[in-house]
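Welcome, and thanks for taking a look at this one with us. Below is a short briefing to read alongside the sequence and the structure.

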Amino acid sequence: MDRSLAPQEALAVQIQANGGIEQLNLVNISIDPPAAGQVRIKNTAIGVNFIDIYFRKGIYPAPELPLTLGFEAAGIVEATGKGVTHLKVGDRVAYCQGPMGAYATYKLHPADKVIKLPPFISDEQAAAGLLKGLTVQYLFRQTYRLQGGETILFHAAAGGVGLIACQWAKALKVKLIGTVSSDEKAAIALKHGAWAVINSKTENIPERVAVLTKGHKCPVVYDSVGKATWEASLDCLQERGLMVSFGNASGPVEGVNLGILASKGSLFVTRPSLGHHVATLQKLQACAQELFDLIKHKKIRLEVGSSYALKEAAKAHSILESRKTVGATVLIP
């Protein structure tokens with residue numbers, strides 16, 4: 001029997017209900033053969049991201065339960081469905097958009113959300129950095145297109161997204177002021193290209209931004225922290241500046257009084273997501289190519305901060321949620 005036509009047994013990390021890390025369970029599942037427009041991938045490295053925590057907790061509602069978590073992984077194409085032309089069995093690939101289910105040894109996935117990996121990027125690097133790298137691409141090149149010469153504020157600069165942002169900003173000749181939570185993280189962000197850093201535990205963010213910019217503040221602030229930094233971020237913006245809120249690490253921003261935007265300078269606010277910026281295979285490939293080119297020319301390094309076995313997903317979530325991580329976290333099936 002053609003193996004591609006048979007179901008594939010797999011191990012997966014699922015939640016049965018929303019809640020803490022105790023909800024993460026290693027279970028056996030069956031992965032169907034690929035239908036038209038799909039590929040079946042043997043995952044070799046899996047990315048762990050804050051969005052996985054949001055779905056586990058219920059901050060973002062699960063499409064259904066039980067739910068296999070995870071959006072991002074790298075692996076090998078094991079089987080292709082009818083109509084798939086840009087991928088073939090044996091290709092090294094990566095994906096970072098839904099449907100969820102990456103926390104597994106095998107994954108059935110829409111082929112138009114899967115891209116081939118160049119030889120100079122390892123599976124672990126791809127799993128650690130594709131989602132984060134494409135996030136920086138849409139933030140810097142689409143949501144607010146940086147031209148070079150700007151001074152910007154980027155929260156959590158020593159995290160997985162932040163370290164890529166530091167490098168990308170330097171490549172664009174943009175002065176990135178990064179917030180961090182320790183002196184150790186400050187040194188890491190500076191090493192990766194941040195122009196300046198602010199320790200949010202010991203320094204007042206708006207006051208330091210005012211000093212660093214000689215009172216001009218920033219045309220754009222990129223904030224993945226959420227609730228804890230919302231007002232401080234607004235206070236760092238120039239008149240008619242743009243607040244880009246793209247994450248909720250400290251909890252979601254709630255109960256916003258729109259009048260505050262007027263009182264602080266006719267500010268703009270947006271809440272973007274990756275899917276709306278890479279809605280087609282062609283757009284996904286183009287955005288990924290921009291990232292890959294910077295990696296190839298050594299402008300950006302994709303670094304794995306820590307790795308865990310698939311069965312240790314709870315430990316990975318706990319450490320990521322504590323905001324003690326530096327760089328990206330991956331699971332190895």
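Ring pairs join Phe50, Tyr54, Phe55, Tyr60 and Phe71 into a cluster. Please keep in mind that this is a predicted model.

**Aromatic pairs**

- The count of aromatic pairs comes to eight.
- One of them is formed by Phe140 and Phe154, an edge-to-face pair with 6.0 Å centre to centre and 90° between the planes.
- Phe140 lies in helix α2 and Phe154 in strand β9 (residues 151–154), so this pair ties together parts that are 14 residues apart in sequence.
- Phe140 has a relative accessible area of 0%, so the residue is buried, the cut-off being under 20%.
- Phe154 counts as buried too, at 1% relative accessibility.
- Phe154 also pairs with Tyr222, and here the rings are tilted, with 5.7 Å centre to centre and 35° between the planes.
- This second pair links distant parts of the chain, with Phe154 in strand β9 and Tyr222 in strand β12 (residues 218–223), 68 residues apart.
- Tyr222 is buried, with a relative accessible area of 0%.

**Helix α2 against helix α8**

- Helix α2 (residues 123–143) packs with helix α8 (residues 281–296) at an angle of about 95°, and their axes are 9 Å apart.
- Angles of 65 to 115 degrees count as roughly perpendicular, which is why α2 is described that way relative to α8.
- On the α2 side, the contact is made by Gly129, Leu130, Gly133, Leu134, Gln137, Arg141 and Gln142.
- On the α8 side, the contact is made by Lys283, Leu284, Cys287, Ala288, Glu290, Leu291 and Phe292.
- By residue type, the contact of α2 with α8 has seven nonpolar, four polar and three charged residues.

**Helix α1 against helix α9**

- Helix α1 (residues 50–57) and helix α9 (residues 313–321) pack at an angle of about 105°, with 10 Å between their axes.
- α1 and α9 are therefore roughly perpendicular to each other.
- From α1, the residues Phe50, Asp52, Ile53, Arg56 and Lys57 meet His317, Leu320 and Glu321 of α9.
- The residues of the contact of α1 with α9 divide into three nonpolar, one polar and four charged.
- Phe50, which takes part in this contact, also belongs to the ring cluster with Tyr54, Phe55, Tyr60 and Phe71.

- Which residues of helix α5 (residues 205–212) are buried? They include Ile205, Val209 and Leu212.
- These three cover an arc of only 65° around the axis, so they sit on the same side of α5.
- Glu207 and Val211 are exposed on the other side of α5.
- The buried residues of α5 pack against strands β9, β10 (175–180), β11 (196–199) and β12.

- Lys185, Ala186, Ile188 and Ala189 are buried in helix α4 (residues 183–191).
- Their arc around the axis is only 165°, which puts them on the same side of α4.
- The face turned away from the buried side of α4 carries the exposed residues Asp183, Glu184 and Lys191.
- The cover over the buried residues of α4 includes α3 (160–171), β10 and β11.
- After α4 comes Gly193, whose phi is positive, near 120°.

**Two single residues**

- Thr135 lies in helix α2.
- Is Thr135 buried or exposed? Thr135 is buried, with a relative accessible area of 10%.
- Leaving out residues up to four places away in sequence, Thr135 touches Val161 and Phe246.
- Val27 lies in strand β2 (residues 24–31).
- Val27 touches Ala10, Leu11, Ala12 and Gln14, again leaving out residues up to four places away in sequence.
- Val27 and Lys311 are 284 residues apart in sequence, and their C-alpha atoms are 9.7 Å apart in space.

Methods
Residues are numbered from 1 along each chain as its sequence is written. This is a predicted model: local features need pLDDT of at least 70, side-chain atom pairs count only at pLDDT 80 or more; totals for chains, interfaces and linings use all residues. Side-chain values use heavy atoms; hydrogens and water are left out. Axes are lines fitted to C-alpha atoms, for helices over the stretch in contact, and angles run from 0 to 180 degrees between N-to-C directions. Helices (H or I, at least four residues) and strands (E, at least two) are DSSP runs, numbered from the N terminus. Angles under 35 degrees count as roughly parallel, over 145 as roughly antiparallel, 65 to 115 as roughly perpendicular and the rest as oblique. Contact means heavy atoms within 4.5 Å. Ala, Val, Leu, Ile, Met, Phe, Trp, Tyr, Cys and Pro count as nonpolar, Asp, Glu, Lys and Arg as charged, and the others, Gly among them, as polar. Rings of Phe, Tyr and Trp (its six-membered ring) pair if their centres lie within 6.5 Å; planes under 30 degrees apart count as stacked, over 60 as edge-to-face and the rest as tilted. Buried means under 20% relative accessible area, exposed over 50%, partly exposed in between (1.4 Å probe, protein chains only). The arc is that of the directions from the helix axis to the C-beta atoms.
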